[in-house]
Amino acid sequence: MPIDHPGTPPLTSANALLLWLARRQRLTLVIAVLFGVARNLSTAAIPLVLGRALDAGLTDGLSAATWWGAGAVLLVGVAATLTSAYGHLFETLAWVYGTFHTGRLVGHHVTRIGPNVTRRAATGEVVATITNDTFHIGNVFEMAQRFVGSLAGVLFVALVLLRSSVVLGVVVLVGMPLVSVLVALLVRPLQTRQRVQREAQGRLGALATDTVAGLRVLRGIGGEDVFTDRYATRSQEVRAAGVSVATIAASMRGLQVLLPGLFVAFVVWFGAHLALSGEMSPGDLVALFGYTTYLAAPLQAFTQFIQLLVRARVGADKVIRVVGTGPSAGTLAESEAADERPWPAPATTGARLVDPTSGFVAEAGTFVAVVSDPPEDANALAARLGRLLDPERSDLGLVDPALVPDASEPLPGPDRPDADRPGTDRSPATLDGTPVDRLPVAEVRERVVVAGSTPELFAGTLRETLDVRDRGDDDELLGALAAADAQDVLDSVGGTLDGEIAEKGRSLSGGQRQRVALARALLTEAPALVLVEPTSAVDAHTEARISATLAARRAGRTTVVVTTSPLVLEHADSVAFLDGGRVTAHAPHTELARRAHEGDPAARRYRSVVTRTTADDEQEAVR
């Protein structure tokens with residue numbers, strides 16, 4: 001099984017990827033091909049030795065030559081049996097390696113490119129690539145030894161027939177490629193239809209993924225029937241595309257039987273004609289019948305290999321589509337290096353965060369709340385602080401080293417010494433005075449943890465869900481659950497950290513999922529923690545308890561919370577108000593409320609966002 005690093009494949013073409021995969025398992029393929037050649041030569045040799053034994057028996061009776069011929073038939077038959085058995089073993093190993101190595105390649109890459117994974121392929125497309133395309137790629141490696149072995153067998157038969165009849169040998173040498181070419185005429189339409197079917201399968205998978213993820217919402221708005229009809233329509237598109245592919249595939253399968261059959265019939269007729277004219281011995285005629293029976297299998301192997309190769313190339317194109325997507329931040333080399341980094345010890349001090357684009361500043365060790373209008377600007381701020389997306393990589397699709405700037409060269413734009421000056425440029429955010437794009441992505445992830453508003457939980461135990469940095473201390477896990485007011489989650493899974501959490505946390509309510517995600521974020525003990533709406537799905541009493549414990553637990557370290565809840569704002573050391581993407585006010589919540597009462601425009605805008613009032617309501621409040 002391929003368990004080592006999957007490597008870095010060429011992404012120039014489907015053929016290049018398939019050749020790269022072949023080189024990765026060249027020893028297995030070579031052994032499989034050698035067994036395939038030996039099997040086909042042994043099978044093709046049976047008619048030859050049988051014909052020789054028959055001629056010896058007709059000429060000399062049960063002579064020594066006849067017995068030696070019979071022994072040769074037995075020996076060749078045993079060799080064909082053994083090489084067939086071991087050849088099947090190694091062709092299966094070739095399939096396993098081709099399939100699972102490609103699957104690991106896709107899985108390994110997807111886990112390292114962040115949210116960019118869906119920039120060029122939907123979620124369903126990625127799933128179909130792993131569950132479908134990888135199997136077809138494995139099929140072509142499984143069939144490779146049969147293809148090469150069949151080619152060797154055909155050449156052997158042609159050479160033997162050339163000794164008996166030059167014309168008959170030439171017929172085999174010319175006729176076999178001609179039959180294969182006739183079948184190959186259907187390859188291009190087959191490949192086109194398979195691409196259409198594969199695209200339809202990807203769209204259907206994406207729709208199914210989205211529907212399952214939003215099933216609770218669909219039930220709430222009564223949209224099940226609409227999505228059921230939509231799925232049925234897409235399903236029929238896949239069925240129609242499958243029928244279209246099956247039409248061509250069935251034609252190819254029919255030709256795999258018809259054309260070889262016609263060719264074999266012609267060879268038999270021609271050989272019988274030569275035997276009647278005395279140009280071929282009875283033993284050679286018997287051997288010819290054996291050869292014609294044997295030749296049907298290589299012909300089918302040739303056409304089947306062409307068909308599988310076409311489907312594998314379609315799958316390889318899909319793999320390139322996924323693997324060719326670059327990470328949302330940093331480079332793949334940084335992601336690989338991060339695998340070797342140990343998790344840092346819990347931080348005891350905070351980090352200073354500055355975002356020159358908005359003018360936001362969070363001093364080390366402070367608890368800063370962010371209120372934004374529109375809310376999307378706060379999400380963008382969190383992404384910049386945690387370097388979730390490099391601006392110069394926002395449109396990057398392919399992993400192209402030429403498009404990745406050299407970290408040793410300064411990027412175009414304002415001078416770096418101005419990076420800490422709020423609101424003066426659009427430079428990257430800084431972490432303790434260093435631009436985050438000058439730090440390894442792994443280091444930024446260790447020092448700045450961003451927890452989004454939509455918690456993502458995975459199937460497993462509660463312990464595994466919480467302890468993402470492998471702290472291994474039950475007291476710390478229980479303390480984080482208490483700080484997130486999530487003791488009820490522990491009770492719901494049997495009162496133990498080893499209780500099971502369903503996929504995506506579906507066994508929990510929305511508020512419970514949010515609090516588990518908050519506990520998980522708190523357990524990272526990062527110098528800087530950025531939380532986006534961490535209490536939006538809980539009731540007011542729970543929110544008040546969380547707000548009080550959050551500030552105490554994160555004391556001495558930097559905490560940034562995006563929220564509009566007064567219950568959280570009143571516990572913050574200061575509040576930054578983003579209006580149109582820029583910080584227009586920055587002060588404690590009570591100070592901003594006082595300024596709003598005194599008529600300060602920015603503070604009044606802040607109050608309207610927090611209290612969810614309109615401009616008319618603000619004017620009425622002033623009067």
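These legends accompany a set of close-up views of a predicted model.

Figure 1. The protein chain has 623 residues, and 46% of them are buried. Its secondary structure comprises 21 helices and 12 strands. Looking at contacts with a separation of 6 or more, 78% are between residues 24 or more positions apart. The chain exposes about 29200 Å², with carbon and sulfur atoms supplying 62% of that area.

Figure 2. As background, nonpolar side chains in soluble globular proteins tend to be buried together. The largest core in this model holds 44 residues. Val371, Leu462, Leu466, Leu481, Leu531 and Tyr606 have the most contacts inside it. Helix H16 gives the most to this core, namely 6 residues. Apart from this core lies another one, of 26 residues, including Leu18, Ala22, Val126 and Ile137. If you centre the view on Leu481, its contacts beyond four places in sequence are Leu462, Leu466, Ala486, Gln487, Leu490, Leu497 and Ala519.

**Figure 3. Gln514 is a polar residue of helix H16.** Helix H16 covers residues 510–523, and Gln514 sits within it. Gln514 counts as buried because its relative accessibility is 6%, under the 20% limit. A polar atom of the Gln514 side chain lies 2.8 Å from the backbone nitrogen of Ala537. Setting aside residues up to four places away in sequence, Gln514 touches Ser453 and Pro455, along with Glu533, Pro534, Thr535, Ser536, Ala537 and Val538.

Figure 4. You will find Thr564 between strand S10 (558–562) and helix H18 (566–569). Its relative accessibility is 17%, so Thr564 is classed as buried, the limit being under 20%. The side chains of Thr564 and Arg612 make a polar contact at 3.3 Å. Beyond its neighbours within four places in sequence, Thr564 is in contact with Val371, Glu533, Leu569, Val609, Val610 and Arg612.

Figure 5. A pair of aromatic rings is described by the distance of the centres and the angle of the planes. The model has 8 aromatic pairs. For Phe35 and Tyr86, the ring centres are 6.0 Å apart and the planes make an angle of 20 degrees, so this pair is stacked. Phe35 comes from helix H2 (residues 26–60) and Tyr86 from helix H3 (residues 64–110), so the pair ties together parts 51 residues apart in sequence. Phe35 is partly exposed at 23% relative accessibility, and Tyr86 is also partly exposed, at 46%. Ring pairs link Phe35, Tyr86 and Phe90 into a cluster.

Figure 6. In general, strands of a sheet pair through backbone hydrogen bonds, either parallel or antiparallel. The order here is S2-S1-S4-S5, with antiparallel pairing. Strands S2 (360–362) and S5 (434–435) stand at the edges, each with a single partner strand, so one side of each has no neighbour in the sheet. Strand S1 (residues 353–355) and strand S4 (residues 430–431) run antiparallel and are joined by 2 bridges. Val354 stands opposite Thr430 in S4.

Key:
Residues numbered from 1 in each chain as written. Predicted model: local features only at pLDDT ≥ 70, side-chain atom pairs only at ≥ 80, totals over all residues. Heavy atoms only, no water. Helix = DSSP H or I, 4+ residues; strand = E, 2+ residues; numbered from the N terminus. Buried < 20%, exposed > 50% of the residue type's maximum accessible area, 1.4 Å probe, protein only. Polar contact = N/O pair within 3.5 Å; in protein donor to acceptor, adjacent residues only side chain to side chain. Contact = heavy atoms within 4.5 Å. Core = buried A, V, L, I, M, F, W, Y, C linked by side-chain atoms within 4.5 Å. Areas by Shrake-Rupley, 256 points an atom, 1.4 Å probe, with all protein chains shown as cover. Phe/Tyr/Trp six-rings, centres within 6.5 Å; stacked < 30°, edge-to-face > 60°. Pairing = 2+ DSSP bridges.
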